[in-house]
Amino acid sequence: MKGAAAASAAAAGLSGPAAAETDLSAWFDGVSNYDGVVDETGQPEVTIEVGAKGNNGAFAFGPAAVRVDPGTTVVWEWTGEGGSHNVAAEDGSFESEMVGEQGHTFEQTFEENGVVKYACTPHKPMGMKGALVVGDAEVGTSGGESDHGGGISLSANQYAIGGSILLGLLSPIAFALVLFKRDPDGPDR
Ligand SMILES: [Cu+2]
């Protein structure tokens, strides 16, 4: 995961100044219920739903991203929807059991500033991902998204250039093939 974070930071560095921030927009790419980092600072305890609506079912954490003060206890509470879920840190620092029943809880207390990414292991490919932003850690949000767009248009241009060169190379060959195919037919008729 450190490799992936470094890669996305490097990619952001190509087209924008946000390289030093943790790029949450990449982590939440395709996560239907992600709507920015919800400010939950000033509370000793914060609850996050496991099996909230999202990602074409109940395959979401609600809210997906929250900012909390250092020392906050985060309580994940299962809704009972969407089958069995777990809460597993990307860096392996914590992992709950796999549970489906409503009302089950799992809690962790976060003391250090930083960004903690986590996911539900079976539903991570569907977008069941979350993040905690502890303290005043910087995250790339709207800035990260525009960087992402810049990256896409750059590679689209590269594909377009590559494609037209390839077409330019291929079209005389295709033309020659058509002539070659038609030629032998001529005398036979
Ligand atoms: Cu799940």
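Start by selecting Pro-63, in the loop between strand 4 and strand 5; strands here are DSSP runs of E of at least two residues, helices are runs of H or I of at least four, and both are numbered from the N terminus. The peptide bond that leads from Gly-62 into Pro-63 is cis, with omega near -10 degrees. Most peptide bonds are trans, and most residues other than glycine have a negative phi.

Before moving on, note that this is a predicted model, in which local features need pLDDT of at least 70, side-chain atom pairs count only at pLDDT 80 or more, and totals for chains, interfaces and linings use all residues. Residues are numbered from 1 along each chain as its sequence is written.

Next, select Asn-55 and Asn-56. Buried or exposed: which is Asn-55, and which is Asn-56? A residue is buried if 20 or more other C-beta atoms lie within 10 Å of its own, exposed if 12 or fewer, and partly exposed in between, with C-beta atoms placed from the backbone. Asn-55 is buried, because 22 other C-beta atoms lie within 10 Å. Asn-56 has 10 and is therefore exposed.

Now zoom out to the whole protein chain and colour by secondary structure. There are 3 helices and 11 strands, in the order α-β-α-β-β-β-β-β-β-β-β-β-β-α from the N terminus. Of the 189 residues, 31% count as buried.

Show the open sheet of 5 strands, with order 2-5-10-9-7 and mixed pairing. Strand 2 (38-39) and strand 7 (88-89) are at the edges with a single partner strand each, so one side of each has no neighbour in the sheet. Two strands count as paired if DSSP finds at least two bridges between them.

Select strand 10 within that sheet. Strand 5 pairs with strand 10 in the parallel sense over 4 bridges. Ala-65 has Ala-131 of strand 10 as its bridge partner, and Val-68 has Val-134. Strand 9 and strand 10 pair in the antiparallel sense over 6 bridges, and here Val-115 is bridged to Val-133.

How many residues of strand 10 are buried? The count is 6 of the 6, so strand 10 is largely enclosed by the rest of the structure. Lys-129, Ala-131 and Val-133 point one way from the strand, while Gly-130, Leu-132 and Val-134 point the other way.

Stay on Val-133 and display its contacts, meaning C-beta atoms, placed from the backbone, within 7 Å. Beyond its neighbours within four places in sequence, Val-133 is in contact with Val-37, Ala-65, Arg-67, Val-115 and Val-139.

Of its 34 residues, Ala-65, Ala-131, Leu-132 and Val-133 touch the most other members. Elements giving two or more residues to this core include helix 2 (24-27), strand 9 (114-119) and strand 10 (129-134).

Finish at Leu-24, in helix 2. Leu-24 is buried, because 25 other C-beta atoms lie within 10 Å. Its C-alpha atom is 9.0 Å from that of Val-115, 91 residues apart along the chain.

Terms used. Core = buried A, V, L, I, M, F, W, Y, C linked by C-beta atoms within 7 Å. Contact = placed C-beta atoms within 7 Å.
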